[in-house]
Amino acid sequence: MARPDYIICLECESEVEDFTWRDGEIRRAACEICGNTDPDAFSLPEDFDQDVEDGEDSEAEEDEEYGESYDNVEDEEEE
Ligand SMILES: [Zn+2]
């Protein structure tokens with residue numbers, strides 16, 4: 001994963017460019033606005049965007065109406 005141009009401070013939702021990027025993760029970050037220096041309290045812009053706009057395209061992973069294709073269940077009896 002390429003280093004993003006900036007990351008988002010989850011404490012104050014500011015764009016932060018002062019951070020260390022390594023192995024696809026935020027290693028160190030420092031928010032000038034609120035003083036946050038906890039790498040876990042920052043988010044990538046793309047992840048942050050996904051959190052904001054939820055509910056628009058909910059993926060259809062629900063298994064509805066599959067109950068009719070289970071007619072072969074009673075094969076277990078041996079005589
Ligand atoms: Zn901040």
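Two residues count as in contact here if their C-beta atoms, placed from the backbone, lie within 7 Å. By that rule, and leaving out residues up to four places away in sequence, isoleucine 7 touches Val16, Phe19, Ile26, Ala29, Phe42, Ser43, Leu44 and Pro45.

Some housekeeping. This is a predicted model, in which local features need pLDDT of at least 70 and side-chain atom pairs count only at pLDDT 80 or more, while totals for chains, interfaces and linings use all residues. Numbering starts from 1 along each chain as its sequence is written.

Now the core. A nonpolar core is a set of buried Ala, Val, Leu, Ile, Met, Phe, Trp, Tyr and Cys residues joined through C-beta atoms within 7 Å, where buried requires 20 or more other C-beta atoms within 10 Å of the residue's own. The largest one has seven residues: Ile7, Ile8, Cys9, Ile26, Ala29, Cys31 and Phe42.

On to the strands, which are DSSP runs of E, at least two residues, numbered from the N terminus; two strands pair if DSSP finds at least two bridges between them. Three strands make an open, antiparallel sheet in the order 2-1-5. Strand 2 (15-16) and strand 5 (42-43) are its edges, each pairing on one side only. Two bridges join strand 1 to strand 2, and isoleucine 8 has glutamate 15 as its bridge partner.

Last, the hairpin. Strand 3 (residues 19-22) and strand 4 (residues 25-29) run antiparallel, joined by four bridges, with threonine 20 opposite arginine 28. Two residues lie between these strands, and aspartate 23 in the turn has a positive phi of about 55°.

Conventions: Buried ≥ 20, exposed ≤ 12 C-beta atoms within 10 Å, placed from the backbone.
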